[in-house]
Amino acid sequence: MASVGFFAIAIALAYFLLVVSRSSTPVAGGTYVEGVVLDTASPLVINPILSANSLSDDVASLVFSGLTRSNEKGEIVPDLADVWGPLDEGKSWEFHIRTTARWHDGQPVTSRDLLFTLDLIRSDEFPGPAELKAAWKNIEVDRLGDYRVRFRLKEVWTPFLNYTTFGLLPEHLLKDKITAKDLGRADFNLDPIGSGPYRLAPSGIANDGVTLLANPLYYGQKPYLDKVWFRYFPSSKAALTALRTNQIDGISYVPPDELKLLEGDKNSQQYSAPLAPNTFLFFNLQKTELFGQKEVRQAIAYSIDKQALIDRNFAGRATASESPIPSYLWAYKSDIKKFDFQPALARKMLDDAGWKVNAEGVRQKEGSPLVISILTANTTDQQAIAFDLAEYLKGVGIAAPVRVAPSPRDLANDITSRHFDMLLIAAQGAINDPDVYPYWHSSETGPQGFNFSGWSNDQADQLLEKARRNLNQGERQLLYNQWQDLWVNDLPSIPLYYRTYTYAISNRVGRLAPLQLKLMYSPSDRLKDIPLRYVLTSTKFGS
């Protein structure tokens, strides 16, 4: 009789679950564990205005916050600042900082913190990204009170807002205790106090990873997740195995050649987006004996099979680039002249330009061999690309020895001194804006500038100047179309590709709104939806 009673209860329960409506809603709590591959050669530096490595950037993106931030569409939206607007037709901007914003230690975030951070960035000894320093070097800042600031630009600069996303540092903890020169070695970088949605947990930096806790003082949308743990793994394969076996909730990066390990996995989903940095092969135009003839530059372009390069090195997970202005931006000129893989044409162009193949198979002219070295970073990916490029050039009679910079500092020194023939490196412009002035205006050809090729064209300069001062998108597009025609005609470098970034998240992790990234300016962009992710739910039965 008892078994019959239990059976009846089971039937009734099943019927109840079948016919009674139920709904699940996310609740606060739980831990999100993301697998990351530890870079033992690059130490952790949790600082929003430095960029030591991917993990450091990931942690800093959650611990710190800036005046503004970019959303998944690349649009600039409020963060620490709740209101801003232009003055004097865009030559000045005023910002108001939220009075509710607090540092993790409870102190208010004020305009003093902003000015303190900018003073570090504009210092001659600032060790962080040079493009960040360059963007702010000529902008004056007026403090109008604890929560108001005014930025005074020398002229209208349309992309200005895109450079207001950098994270702020706390003046009350760092003033008179640190200089820009020592910023990278500061104890603060391993015990940070920020204003973002998460804070470093007590003993949060450990041998097995980095642990963050939800910030109870956060001014924005409170995250559902109580804890985020970036868990270390010795390899991406080990992290992928942990994801497949439900030991972790996500993986920060899935290499192209390991995507197959997730094929058929019903427990997770992969998400991909193009990375903004545009990889170029820059010509050093100061080397007129090598690049003085445009035909040589064009022949090099025709000798490279970009798609094969992508397929071989990234398993097809990249997009061929044809212009300094990315194809995902509205200012890209879709009918720009393209240099398809035509090695026979490249050989003819070199022959016609007077570069004849000698007995060793290397072209020479007036007794001088056509030997053009390629400078690249000391990373596996970059070296592989450089050696592939050398093979392509060898196929048309150009000797291209690869020169690997031993360290990032050595690479920076070689770039600053323009000690290279060709330079293989990625370049990135403003967030969601086609302004390429820093890389291609002739005023940026000096040692501290980013015009690595040393390209100078008066008409092109004028177009770039007009475009960055114009607030009308349609008019800007016409200016950039003209500029791209001039650029591709001179061809001071060869655009190669944009990489595709892929990460994975377990299906156990819920999200209020799926993150649909149009583009990733940094791998940390995958974490933009962290406040909307959850692992715990509450189920309600009935209407």
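The following legends describe several close-up views of one predicted model.

Local features are described only where pLDDT is at least 70, and side-chain atom pairs count only at pLDDT 80 or more, whereas totals for chains, interfaces and linings use all residues. Residues are numbered from 1 along each chain as its sequence is written, and side-chain values use heavy atoms, with hydrogens and water left out.

**View 1. The largest cavity and its lining.** Rolling a probe the size of a water molecule over the atoms shows where empty space is left. On a 1 Å grid over the protein atoms alone, a cavity is a set of points where a 1.4 Å probe fits but cannot get out, and a lining residue has an atom within 4 Å of a point. Grid points are joined across faces, edges and corners, and a volume is the space filled by probe spheres set on the points. The structure holds three cavities of 30 Å³ or more. The largest cavity has a volume of about 180 Å³. Its lining consists of 20 residues, and Pro324, Pro326, Ala427, Gln428 and Gly429 lie nearest the centre. Strand E14 (278-283) and helix H13 (437-440) are the elements that give two or more residues to this lining; E14 gives the most, with three residues. Helices (H or I, at least four residues) and strands (E, at least two) are DSSP runs, numbered from the N terminus. By class, 14 residues of the lining are nonpolar, four are polar and two are charged. In this classification Ala, Val, Leu, Ile, Met, Phe, Trp, Tyr, Cys and Pro count as nonpolar, Asp, Glu, Lys and Arg as charged, and the others, Gly among them, as polar.

**View 2. The second largest cavity.** The volume of this cavity is about 60 Å³. Its lining includes Lys306, Glu322, Lys337 and Lys338, together with Trp487 and Ile494. Helix H15 (473-490) and strand E22 (493-506) are the elements that give two or more residues to the lining. Six of the lining residues are nonpolar, none is polar and four are charged.

**View 3. The second largest pocket.** A pocket is an open set of grid points with protein on both sides within 12 Å along at least five of seven lines. About 290 Å³ of space lies in the second largest pocket. Of its 16 lining residues, Thr158, Asn162, Asp433, Leu471 and Arg476 lie nearest the centre. The lining divides into eight nonpolar, six polar and two charged residues.

**View 4. Helix H9 and the elements around it.** Within H9 (residues 306-314), the residues Lys306, Ala308, Leu309, Ile310 and Phe314 are buried, a term that means under 20% relative accessible area, with exposed over 50% and partly exposed in between (1.4 Å probe, protein chains only). The buried residues of H9 pack against strand E15 (318-320), helix H11 (380-394) and E22. Just after the helix, Ala315 takes a positive phi of about 50°.

**View 5. Strand E2 and its pairing partners.** Five of the seven residues of E2 (residues 31-37) are buried, so this strand is largely enclosed by the rest of the structure. Two strands pair if DSSP finds at least two bridges between them. E2 pairs with strand E11 (residues 227-233) in the parallel sense over seven bridges, and Val36 stands opposite Tyr232 in E11. E2 also pairs with strand E12 (residues 250-251) in the parallel sense, over two bridges; here the bridge partner of Gly35 is Ile251.

**View 6. An open sheet of three strands.** The strands follow the order E16-E17-E18, and their pairing is antiparallel. Strands E16 (356-357) and E18 (368-369) are the edge strands, each of which pairs on one side only. E17 (residues 363-365) and E18 are joined over two bridges, and Gln364 has Pro369 of E18 as its bridge partner.

**View 7. The surroundings of Ser195.** Ser195 is found in the loop between helix H5 (171-174) and strand E9 (198-206). This residue is buried, with a relative accessible area of 0%. A polar contact of 2.6 Å joins the side chains of Ser195 and Ser65. Such a contact is a pair of N or O atoms within 3.5 Å; within protein, one must be able to donate a hydrogen and the other to accept it, and residues adjacent in sequence count only if both atoms are side-chain atoms. Leaving aside neighbours within four places in sequence, the residues in contact with Ser195 (heavy atoms within 4.5 Å) include Val63, Leu80, Trp103, His104 and Tyr218.
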